[in-house]
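Hi,

Here is the structure I promised to pass on. Have a look at it first, and then read on for what turned up.

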Amino acid sequence: MKDLAKCKHPQSRKTLALARKIKKINNREKKKMGHAVKANVVGKKLGWFAEQLEDRTEPLSGQEFETLIDKYLARFNEELEQIKLVQSINKQRNNQHASRESSIRMTLEKEVHDFNGGGLELPDLCDKQEFQKFQQWDGSSQSIQHLKMHFISRKRLQLLNKDSQVTMAVD
């Protein structure tokens, strides 16, 4: 920054080189922040699942995992009902919590679409080794990279349920 102030002409080679260098540093910092935000969001999601599975020692079955994800997708229902209640009581301020409501709805729409389509990015809690790694996870967003993430979809879990039912019938 001090070097940029010393430059005499705004279009000199030295000034332009310093401006490029500063822009590059700024872009690098923005990228780091983007990764940190994503890790924080994924950390919150995994934290919710870890909280639900605290006392569990065995991996989940496909049906249990699907039920747990449905419970995860319904985690905002109570808050949405409270917002509707507040809006119905106070007609003059019916858009009081509109931004929170819209952000919840957008998040839920995206997550439901992902789960019914390509899948939510989660560790495979049906696999014994993955489940143990997840149970040993310390909850920090820095250590998420040590967990192997899979795209878990409703279709995949239903196929897993059918496979387990077929193996039970064969036994």
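Which residues does Asp 124 touch, not counting residues up to four places away in sequence? Before the answer, please keep in mind that this is a predicted model.

With those sequence neighbours left out, Asp 124 touches Glu 130, Phe 131, Lys 148, His 150, Ile 152 and Arg 156. You'll find Asp 124 in the loop between strand 1 and helix 6. Asp 124 counts as buried because its relative accessible area is 14%, and the cut-off for buried is under 20%. As for distances, the C-alpha atoms of Asp 124 and Trp 48 are separated by 15 Å, and the two are 76 residues apart along the chain.

Asp 138 sits in the loop between helix 6 and strand 2 (149-152). Asp 138 counts as exposed, since its relative accessibility is 60% and exposed means over 50%.

In soluble globular proteins, nonpolar side chains tend to be buried together. Here the largest nonpolar core has 22 residues, and those touching the most other members are Leu 46, Phe 49, Phe 65, Ile 69, Leu 122 and Phe 134. Two or more residues come from each of helix 2 (13-52), helix 3, strand 1 (120-123) and helix 6 (128-136). Helix 3 is the biggest giver, with five residues.

On to how the helices pack, starting with helix 2 and helix 3. Their axes come within 11 Å and cross at roughly 125°, which means helix 2 is oblique to helix 3. The crossing of helix 2 past helix 3 is right-handed. On the helix 2 side the contact has Lys 45, Trp 48, Phe 49 and Gln 52, and these meet Phe 65, Leu 68, Ile 69, Lys 71 and Tyr 72 of helix 3. Sorted by class, that contact of helix 2 with helix 3 comes to six nonpolar, one polar and two charged residues.

Helix 3 (residues 62-73) also meets helix 5 (residues 98-116), where the axes come within 10 Å and cross at roughly 160°. Helix 3 is therefore roughly antiparallel to helix 5. This crossing is left-handed. Helix 3 brings Glu 66, Ile 69, Asp 70, Tyr 72 and Leu 73 to the contact, while helix 5 brings Leu 108, Glu 111, Val 112 and Phe 115. Six of the residues in this contact are nonpolar, none are polar and three are charged.

The last pair is helix 4 (residues 77-89) with helix 5, packed at an angle of about 145° with axes 11 Å apart. Helix 4 passes helix 5 in a left-handed crossing too. From helix 4 the contact uses Glu 79, Leu 80, Ile 83, Lys 84 and Gln 87, and from helix 5 it uses Arg 100, Glu 101, Ile 104, Arg 105 and Leu 108. The contact of helix 4 with helix 5 has four nonpolar, one polar and five charged residues.

Cheers

Conventions:
Residues numbered from 1 in each chain as written. Predicted model: local features only at pLDDT ≥ 70, side-chain atom pairs only at ≥ 80, totals over all residues. Heavy atoms only, no water. Axes fitted to C-alpha atoms, helices over the stretch in contact; angles between N-to-C directions. Helix = DSSP H or I, 4+ residues; strand = E, 2+ residues; numbered from the N terminus. Parallel < 35°, antiparallel > 145°, perpendicular 65-115°, else oblique. Left-handed = near helix turned anticlockwise from the far one by under 90°. Contact = heavy atoms within 4.5 Å. Nonpolar A, V, L, I, M, F, W, Y, C, P; charged D, E, K, R; others polar. Core = buried A, V, L, I, M, F, W, Y, C linked by side-chain atoms within 4.5 Å. Buried < 20%, exposed > 50% of the residue type's maximum accessible area, 1.4 Å probe, protein only.
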